[in-house]
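Student: I should like to learn how to read a protein model step by step. May we work through one together?

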Amino acid sequence: MRARALTDRLAVPGRVLAAGVYRFNGKPKGLLHELWVHRTPTTPGRGGVLPADEIHGNLTAELRAAIRNIFVTVHEYARTKLPELTRDLDDYIYSYKVPKEDEPSGGLSAGLPTALAFLSVFLQRPIAQTLASTGTLISESHDVISIGKIGDAEHKVKAAYHGNLRTLILPLANRIDLEPSPLVPLAITHEIVRYAANLDQAVTLAFGAGVLTRV
């Protein structure tokens, strides 16, 4: 019921689903959780920041630092790739929250869903609540961002499937882990998993092919 409730919620800008894993008695189990990004108007041109005290949730210090770095990276990416759609980025102050409070959230696999959440708010375009993602971000330049391999991919696919999702974006580097997987039938992988090697590809999957080609 909880998984179905997640996918039934209204899609609004800045609310995305991340595929994660928790460990029970040492055994991994996949789960879906939400990430929220909001923006608040400020003096035009004086914003464009994510203050440290506007990162909320039970998060490790490593993840908090990563979120701030991702914000800066995605801010520059959006300005470069989508200048016509992001002229007002610096007119707002941003906030980030992981509403899951039961245990600390850590690791860097939340990099991709975090980036998509920021872009969703920057563009004021919602992402379908039937789509989740996972992946680390590797910034090669201001406009080239690769998506790195993550662990426990099989368990995240299971969580997405049992959560009635239509799409799970995974790093391309994880394809080799799933093709021969004894845990997830290949038919399920082919049904819901889409691979992305970089942020451009993930943006196309999340927002549609026309976003990055818009002038």
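Predicted model: local features only at pLDDT ≥ 70, side-chain atom pairs only at ≥ 80, totals over all residues.

Student: How many bridges join strand β1 to strand β2, and which way do the two strands run?

Tutor: Strand β1 covers residues 15–24 and strand β2 covers residues 27–41. R15 of the chain stands opposite W36 in β2. The number of bridges joining β1 to β2 is ten, and the direction of the two strands is antiparallel.

Student: Which residue in the hairpin of β1 and β2 takes a positive phi?

Tutor: This hairpin has two residues between the strands. The positive phi is near 55 degrees, and the residue that takes it is N25.

Student: Which residue in β4 is the bridge partner of H38?

Tutor: Strand β2 is also joined to strand β4, residues 92–97, by six bridges, and these two strands run antiparallel. In β4, the partner of H38 is S95.

Student: Which element gives the largest share of the largest nonpolar core?

Tutor: This core has 42 residues, and Y96, L116, F118, L119, F122 and L199 touch the most other members. The elements that give two or more residues to the core are β1, β2, α2, β4, α3, β7 and α7. The largest share is nine residues, and the element that gives it is α3.

Student: Which residues from T114 onward does Y96 touch?

Tutor: Leaving aside residues up to four places away in sequence, Y96 touches several residues, including L35, W36, V37 and I67. Further along the chain, the residues touched by Y96 are T114 and F118.

Student: What distance separates the end C-alpha atoms of α2, and which elements do its buried residues pack against?

Tutor: At 1.5 Å a residue, the 21 residues of α2 should span 30 Å, and the distance in the model agrees: the ends are 30 Å apart. Among the buried residues of α2 are L63, I67, F71 and Y77. The elements that the buried residues of α2 pack against are β3, β4, α3, β6, β7 and α7.

Student: Is R166 buried or exposed?

Tutor: R166 is found in the loop between α4 and β8. Not counting residues up to four places away in sequence, R166 touches T130, E191 and I192. A residue counts as exposed over 50% relative accessible area. The relative accessibility of R166 is 64%, so R166 counts as exposed.

Student: What is the radius of gyration of the chain, and how does it relate to the globule rule?

Tutor: The chain has seven helices and nine strands. For 215 residues the globule rule gives 17 Å, and the value for this chain is close to that, so the chain is as compact as a globular protein of that length. The radius of gyration is 17 Å.

Student: What percentage of the residues of the chain count as buried?

Tutor: The chain exposes about 10,300 Å², of which carbon and sulfur atoms supply 52%. Residues count as buried under 20% relative accessible area. Of the 215 residues of the chain, the share that counts as buried is 46%.

Definitions and conventions. Residues numbered from 1 in each chain as written. Heavy atoms only, no water. Pairing = 2+ DSSP bridges. Helix = DSSP H or I, 4+ residues; strand = E, 2+ residues; numbered from the N terminus. Core = buried A, V, L, I, M, F, W, Y, C linked by side-chain atoms within 4.5 Å. Buried < 20%, exposed > 50% of the residue type's maximum accessible area, 1.4 Å probe, protein only. Contact = heavy atoms within 4.5 Å. Rg over C-alpha atoms; globule rule 2.2 N^0.38 Å. Areas by Shrake-Rupley, 256 points an atom, 1.4 Å probe, with all protein chains shown as cover. Expected span 1.5 Å × (residues − 1).
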